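This report describes selected features of a predicted model. It treats the nonpolar cores, a sheet and a helix in turn.

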Amino acid sequence: MKKRIFNLALNYADLPNVDSAISFGPFIQYLHYKIKEEQTVKSALYRNALKEFEKQGIDNQVIALEEVYQHELLLEHMYACLSPVSLAEDQQAWGLCAPMQPITFYGTELMYELLEHEEKDQNSFAGSRTAEQLQRDRLHFIYSFILNQLYAFHAPLKEKYHSGINSDTGLPGYFHIGVNTGFIEVKAKQPLPELSYRELQQYLSEESGLDKLQQALPLSLFELRGISVLTITDVTARQAVENIKAVRLSRAPGNEGVAYSEVIQSLKVLVKNANIQFDLFPFVRVNNKMVYGYVKGGSGLLFSVWGEETLSPEAFQQIAEGYAANPNSFYSPDIWAESREMFPWLERFRELNVKSMALLPVFHNQVLVGVLGMHTWVGETFDEKKITLLEQVLAPIAQLLQVYIDEFNLEIENIIKEKYTSIQPAVQWKFNEAAWHYLHDKKKNLPLRTDDISFTDVYPFYGAIDIRNSTTERNLASKADLNLHLSLLRDTLQQLSKTYSDALLVEIIFNCNKWNNTLQGEELNTTDENSLNIFLNEETTDYLKLISLSHPNTEKIIDQYLENIAVQGGKVYKNRQALEMSMQLINTDINNYFEAEREKLQESFPCYFEKFRTDGVEYDIYIGQSIAPDRIFNHFHLKNLRLWQLSSMAAIAKMVQQRQSDLPVKLATTQLIFIHNHPIDISFRIDERKFDVEGAYNIRYQMIKKRIDKVLIRNSEERLTQPEKLALIYFNKRDIDDYLPFVKYLQETSVLGAETEDLDLEDLQGLSGLKALRVTIL
């Protein structure tokens, strides 16, 4: 043990006067308590110590700091009673201090070594805290002790670690300084004010609380007697692990380099060797295949050997996938001594002057997320003991690598959404590849490319559910509303003419009567409708508002009219709004039906399913081997879709029929399928953000779809598509033959009517020879 008065307070700002003095009294009380409580042979240790204290007869008397060594034997007894028996003196930093004062007067050699290091490197324990912050920390600690003793108010203290530079390694070291106040008594020199729990909490939690507390309870009111026990614990390993955990939580876009350098520094601190190099190599995947990562965590050794700087993408993938298939740990104290035949992959590391090396696979939730590399350059080595020190940090390293992988995947998704569109799962893999190539070029500062996304030899399926006579219904609703609007305007103008008149009012009444005659005609063309809307919504409305402002006696009549023509809730929109509501209800039902069915279709074989909103709903489905290269595609998948097309059209027709009672305007739908049983090619058009057909022959398929919705039966004025009917349009009999078994099946199961119509269709522009099969939906 060592005797030396060491005053750390000389390095910090002074505190207000504290009546503090050394006394063995509290420790003597502790010995009495332990002797009474202890049931083991340790009681003999306490009895022997108490006998020495009683022999010197000091009890609660105050002992001057410069006289404390007259009681050296008592100090030794305190050390024997309070220090861990399992630790030798040179293994623990333990000492005795004046009560609540940073003045050490007795302790172990290790304690004084640390204190002397603090004296040479002033404030090395202080970390980044200023002298004022350190002073407030001391004040907070003293008042927490006093309030706990005299007011029974417990203020939890946040555990703080102090850092210093290890002179041997040049790396940070972390220490916990613990002060045991169990052998200190505090007494008030005069009656103390009553303070509530809330007041005390505010004093110790608010920014200016300590200043207020010093005014309410000056330290000069108290006397402190006893001895503080000081312990300094090396928590470097624990803090290094915590630092790595903190990096995972505090990472922000743009600071990845700083974050990873902090992790590498913490790993060096953990193994207590600045010459050992580390690398973090995350395994990122595109379509479940390894691809080259970009974050260089550490020396960059693994990235320079395994990355695309030296390997082609195919070679990298082969190495990465090979390692992932058998992710074993590797360690060699000297890779130059390893067999070149057994470890041929070490050659590149030798070329870079690596000496010792270890590779540790890193798992998150039992999934390989990367490799932690550890190596030294020629001239430096490490042994297995250094590797074992890393076991406690593998879990936070795994979490950190998983965060990077998640960020990588999110970046891929964002590129897809930005450069392409919201993509269906069936073709997501193709967009993943294109986005990865774009990201690769961007990271490498290469000319950016946007890959062509196409699928060859896919089979198209087209269907359309149209609201019957939607244009006619819309014209009727519009005409009815305009007629009502015009009628309300005429009535309003006639009422105004009784109390107000000018030339413009007479002219508007004339135009109103003129438009009324026009509306009585059978059909209102688009030009007339637009002109009438301008007359009603712009010319007359502004004029009436002007009259209302200048002649208050007309305000009530005009306000009632304006209320009736308001866009929201106005009478003059009721027919159009009723029609739109009916159409919306039908289309919502159809959309919901297709959304549910799309999920079911994917279970059989992935297909691209795209819906289009018209007055009804149209859809395109593309299915084929190129959409899902890893799955087996055959004609049974085509049969499944043909049957689904027929049965889904029947189901939708029945659904719309059952919906009629809820519709403000009764509407019917027509059902149409265009059959094209030959594969085509499709590609994604970036400008339109949708798939379109490729090639002259395939474009003809797209052209037919756009022209057949209102096709007539040859030599008649009858539209092919009719309510409660399903129409199948085709060119070749061979195409319809593929559907006939399923038509017959649905007829026999009473989904479709027994009668079928084989029809020839009128020639369309550039199209002739179209045929159709029409069947009733039961």
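## Nonpolar cores

The largest nonpolar core has 80 residues, of which L390 and I729 touch the most other members. Helix α14 (residues 394–419) supplies the largest share of this core, with 10 residues. A separate, second core holds 46 residues, among them M583, Y593, L641 and L752. In soluble globular proteins, nonpolar side chains tend to be buried together.

When neighbours within four places in sequence are set aside, the contacts of L390 are L267, L270, V271, F278, L360, L372 and M374.

## The open sheet

Five strands, in the order β14-β11-β17-β16-β15, make up an open sheet with antiparallel pairing. Its edge strands, β14 (297–298) and β15 (330–332), each pair on one side only.

Three bridges join β15 to strand β16 (residues 354–364) in the antiparallel sense. S332 has M357 of β16 as its bridge partner. Strands of a sheet pair through backbone hydrogen bonds, either parallel or antiparallel.

## Helix α16

Helix α16 covers residues 470–496, and its end C-alpha atoms lie 39 Å apart. This agrees with expectation, because 27 residues at 1.5 Å a residue should span 39 Å.

The buried residues of α16 are S470, A477, S478, D481, L482, H485, L486, L488, L489, T492, L493 and L496. An α-helix has 3.6 residues a turn, so residues three or four places apart point the same way. The elements covering the buried residues of α16 include strand β18 (454–467) and the helices α17 (503–519), α18 (526–550), α19 (555–564) and α20 (574–604).

Notes: Residues are numbered from 1 along each chain as its sequence is written. This is a predicted model: local features need pLDDT of at least 70, side-chain atom pairs count only at pLDDT 80 or more; totals for chains, interfaces and linings use all residues. Side-chain values use heavy atoms; hydrogens and water are left out. Helices (H or I, at least four residues) and strands (E, at least two) are DSSP runs, numbered from the N terminus. The expected span of a helix is 1.5 Å times one less than its number of residues. Buried means under 20% relative accessible area, exposed over 50%, partly exposed in between (1.4 Å probe, protein chains only). Contact means heavy atoms within 4.5 Å. Two strands pair if DSSP finds at least two bridges between them. A nonpolar core is a set of buried Ala, Val, Leu, Ile, Met, Phe, Trp, Tyr and Cys residues joined through side-chain atoms within 4.5 Å.
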